[in-house]
Amino acid sequence: MTTNPAVRTRFAPSPTGYLHIGGARTTLYSWLFARHHGGTFVLRIEDTDEVRSTAESVTAILDSISWLGLDWDEGPLDFEHEKGPCGSYYQMKRLSSYQEQTKRLLDEGKAYRCYCTREETDAARQAAKAAGQPVPEDPCRRLSDAQRRSNEAAGRKPAVRFIMPDEGETVVDDLIRGQVHFENRLAPDLVIQKTTGGPTYNFACVCDDHAMRISHVIRGDEHLSNTPAQMRIYEALGWQPPKFAHLSMILGPDGTKLSKRHGATSVTEYRDQGFLPEALRNYLALLGWSNTESRQLFAPDELVAAFDLPGCQKNPATFDPVKLAWMNGEYMRALAPADIVKRAEPFLKEAGLFPPPPGPSLERLAALEREKFKLLPDVPGRVDFFYRETELTDKARKTLAAPEAKTVLAGLTELLTAFEPFTEKPLEEAIRAFCARKSLKPGQVFHPLRAAVSGRADGPTLFLMLELLGREAVLARLRKTSAGLGPN
RNA sequence: GCCCCCAUCGUCUAACGGUUAGGACGCGGCCCUUUCAAGGCUGAAACAUGGGUUCGAUUCCCGUUGGGGGCACCA
């Protein structure tokens, strides 16, 4: 991979919860873009919301990103350690750098201290709105020294506001959307430092993207309207802004922003449901990005090679769990049986099948059933009856309700009691001969046999299944099921 | 309410002025088959709408409608 120092992207989550599907996609695109161009991918934790940020969220987010197979060149390694030359990558550890820039803007008259309370600001905005003015001028913008002193004397703690231009427009040149124009008179003076002394998001973000030499800011659509203000800050500080690329939102099935009421929205939930990270990654890559061939399946390195911003979609995309499940099945089928078992281990454990009870090897069974697995829990789900008797499914019950079922099972029990060798081919020949002898259609025999022995109406190829189950289990279940059918 | 973005099958999307509007998921049918899958073949299914521009618009421009996002001392 060629390295390209000119490309540096970042993902900057605020640690106030799990990694959301939308965040995962943003991370993926930033990572893919960096990797595609041989650049650097940076992870930064935006923990300036003192009340909502938690250490657990940091860990959860890092875990989710790693689980997706994405790595970062700079950023936190865990809650204690970090790597990279632009540290710290936690905003709360960079407080002095924001204060330094705030001071600069204050000194240069590009920002001012604002003593208004939340209520006063709200009231002023309401009044302006009623008067048909889009944005009121902040009274603190032209405070006299005496007024300032009296505010200080009254114990009021100031926030710092950045002066936005009163006229003209700010143009964001977005890599995905093109030029987007914003009227400056509509933008109020932005708080850059809270009364607590901490920076606000839009300010910290600018300072850090500059300090970390970020070249391409790839982020969600919800930030597009923040961008003009950020650009004004870059300008005031005399900094070159990065290039911006705003990704459209991910919507739920009802067309509104994907949220918890639509079902699983965090990466961990998908992991826990038994999705493979490579499948989720592939699916997310396609949700808002495409290639001219409309290709669907990409190995990780193929994705890196193919991905670029021009393929990104401008319109929002609806998340489709059904297609995700299909894709997961594709990846499951591509796995070697031993890998299927390995990946499914947590789910096998949960089902009490790991370590496996006596019986055929899990690997053998995984090979037998592999094309039916869609999700990891399907592994124990389809294979459990080899190790233990299971409840009859409704369909199996129906099959066994056929009038001839009981006599068929009785006949088979008799046939198989001393049958040798108890292996696939001979069993098939013998059972087909049995059908002929009794003038029964194969289906009339095969179906109840399968149902009685496996407890279900679908499953592996019948005669191999009998072989793997072994004579003892087959006969025991034949008898038990038969008894359960009651007198004929 | 104001600002911004967006608009091709149900969904994800291809097309970059001239195509029988292509692919994928899902759905239907057929084949394969002891079941369920997988696989193969196949079918139904889309250019939101009204004006322009043009010899010609899905494609370019404007309006309408619809959807989304933003308007915090939250990120």
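**Helix packing and domains**

Helices α16 and α20 cross in a left-handed sense. In this predicted model, α16 covers residues 405-417 and α20 covers residues 471-484. Their axes approach within 10 Å, at a crossing angle of roughly 155°. Angles over 145 degrees count as roughly antiparallel, and α16 and α20 are therefore roughly antiparallel to each other. On the α16 side, the contact is formed by Lys406, Leu409, Leu412, Thr413, Leu416 and Thr417. The α20 side contributes Arg471, Val474, Leu475, Leu478, Arg479, Thr481, Ser482 and Ala483. By class, this contact of α16 with α20 comprises seven nonpolar, four polar and three charged residues.

A second pair is formed by α3 (residues 95-107) and α6 (residues 201-211), whose axes are 10 Å apart and meet at an angle of about 105°. The range from 65 to 115 degrees counts as roughly perpendicular, so α3 and α6 are roughly perpendicular to each other. Here Tyr98, Gln101, Thr102 and Leu105 of α3 meet Phe203, Ala204, Cys207 and Asp208 of α6. The residues of this contact of α3 with α6 are five nonpolar, two polar and one charged.

At the level of domains, the assignment for chain A lists domain 1 (8-76 + 250-318), domain 2 (94-247), domain 3 (336-386) and domain 4 (389-488). The C-alpha centres of domain 2 and domain 4 are 76 Å apart.

As for confidence, the average pLDDT of chain A is 94, and 99% of the residues score at least 70. The model has an ipTM of 0.96 and a pTM of 0.95.

Terms used: Residues are numbered from 1 along each chain as its sequence is written. Chains are lettered from A and ligands numbered from 1 in the order in which they are written. This is a predicted model: local features need pLDDT of at least 70, side-chain atom pairs count only at pLDDT 80 or more; totals for chains, interfaces and linings use all residues. Side-chain values use heavy atoms; hydrogens and water are left out. Axes are lines fitted to C-alpha atoms, for helices over the stretch in contact, and angles run from 0 to 180 degrees between N-to-C directions. Helices (H or I, at least four residues) and strands (E, at least two) are DSSP runs, numbered from the N terminus. Angles under 35 degrees count as roughly parallel, over 145 as roughly antiparallel, 65 to 115 as roughly perpendicular and the rest as oblique. A crossing is left-handed if the near helix is turned anticlockwise from the far one by less than a right angle, and right-handed if clockwise. Contact means heavy atoms within 4.5 Å. Ala, Val, Leu, Ile, Met, Phe, Trp, Tyr, Cys and Pro count as nonpolar, Asp, Glu, Lys and Arg as charged, and the others, Gly among them, as polar. Domain bounds come from an automatic or database domain assignment. pLDDT is the predictor's confidence in each residue, from 0 to 100.
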